[in-house]
Amino acid sequence: MQYSVGVEYALHCLIYLAIPSIKPVLTVKELAKFQGISETYLSKIFTKLSKSGIVKASPGVTGGYQLAQDSLDISFWDVVQAVEGEKQIFRCKNIIGTCALHDKKGAKEECPGKVDCLINDVMLDAEKQMELYLKDKNLKWLTEKLEKKLTKEYQDLTADWFNG
């Protein structure tokens with residue numbers, strides 16, 4: 001299982017939009033330059049974030065993007081869904097339904113392919129657990145953790161860079 005790098009780019013950019021000491025509206029150009037990533041690719045990610053209601057565009061000369069919701073209300077799962085779309089990680093092919101006994105006449109027991117697949121059940125449950133964990137982590141939590149982890153000097157340099 002692997003998420004695209006777009007999820008990482010989105011989360012890193014959203015951090016800067018959520019930090020109170022940084023101006024609330026930032027451009028894709030600023031965010032891409034600060035992080036050394038492709039402005040074109042980041043623009044596509046922000047289009048997805050905007051369509052999902054995580055960020056909103058501010059038009060004009062001083063325009064850019066800002067959070068559309070409180071950072072407490074934007075979970076990691078919201079970002080994953082916005083960037084990756086709603087797709088399951090595990091897709092059961094129901095291969096048990098093609099077993100040699102499936103269409104055999106006179107089989108004493110019903111073929112296991114006609115009952116719920118336990119492998120699918122386990123994989124879907126694991127996916128649900130990951131979803132719940134990612135829903136529990138939000139941008140507010142992330143910014144608070146980073147505030148404790150990063151030096152005050154680094155935080156000030158970052159704010160100064162974005163605030164001009």
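## Terms and basis of the model

A residue is called buried when its relative accessible area is under 20%, exposed when that area is over 50%, and partly exposed in between, with a 1.4 Å probe and protein chains only. The model is predicted: local features need pLDDT of at least 70, side-chain atom pairs count only at pLDDT 80 or more, and totals for chains, interfaces and linings use all residues. Residues are numbered from 1 along each chain as its sequence is written, and side-chain values use heavy atoms, with hydrogens and water left out.

## Overall architecture

The protein contains seven helices and two strands; helices (H or I, at least four residues) and strands (E, at least two) are DSSP runs, numbered from the N terminus. Along the sequence these elements follow the pattern α-α-α-β-β-α-α-α-α.

Of the 164 residues, 33% count as buried. The protein exposes about 11,000 Å², of which carbon and sulfur atoms supply 54%; accessible areas come from the Shrake-Rupley method with a 1.4 Å probe, and for residues only the protein chains shown count as cover. Among contacts (heavy atoms within 4.5 Å) with a separation of 6 or more, 69% are between residues 24 or more positions apart.

## Leu14 in helix α1

Leu14 is located in helix α1, which covers residues 5-18. Leu14 counts as buried, because its relative accessibility is 0%. Not counting residues up to four places away in sequence, Leu14 touches Leu49, Ile54, Val55, Leu67, Val79 and Leu139. The C-alpha atom of Leu14 is also separated by 8.9 Å from that of Ser71, a residue 57 positions away along the chain.

## Helix α5: length and two sides

Val122 belongs to helix α5, which spans residues 118-136. The expected span of a helix is 1.5 Å times one less than its number of residues. For the 19 residues of α5, at 1.5 Å a residue, this gives 27 Å, in agreement with the 27 Å between its end C-alpha atoms.

Which residues of α5 are buried? They are Asn120, Glu127, Glu131 and Leu134. These residues cover an arc of only 65° around the axis, so they lie on the same side of α5; the arc is that of the directions from the helix axis to the C-beta atoms. Helix α4 (76-84) is included in what covers the buried residues of α5. On the other side of α5, Leu118, Val122 and Asp136 are exposed.

Glu127, within α5, is buried, with a relative accessible area of 15%. Leaving aside neighbours within four places in sequence, Glu127 is in contact with Lys87, Gln88, Ile89 and Phe90.

## A nonpolar surface patch

Ile119, Val122 and Met123 form a nonpolar patch on the surface, with about 290 Å² of accessible area together. Patches are made of residues with over 30% relative accessible area and no salt bridge, like charges being joined within 9 Å and nonpolar side chains (Val, Leu, Ile, Met, Phe, Trp, Tyr) within 5 Å. Val122 is itself exposed, because its relative accessible area is 54%.

## Salt bridges

The structure holds six salt bridges, each defined as a side-chain nitrogen of Lys or Arg within 4 Å of a carboxyl oxygen of Asp or Glu. One of them joins the side chains of Lys135 and Glu131, at 2.8 Å from N to O. Because Lys135 and Glu131 are four residues apart in helix α5, about one helical turn separates them. An α-helix has 3.6 residues a turn, so residues three or four places apart point the same way. Lys135 is partly exposed, with a relative accessible area of 42%, whereas Glu131 is buried, at 15%. A further salt bridge pairs Asp136 with Lys137, the closest N and O atoms being 3.7 Å apart. Asp136 counts as exposed at 52% relative accessibility, while Lys137 counts as buried at 14%.

In helix α7 (residues 152-163), Asp156 and Lys152 lie four residues apart, about one turn of the helix. Their side chains meet in a salt bridge of 2.9 Å, N to O. Asp156 is partly exposed, with a relative accessible area of 33%, and Lys152 counts as exposed at 58% relative accessibility. Elsewhere, salt bridges that share partners join Lys128, Glu131 and Lys135 into one network.
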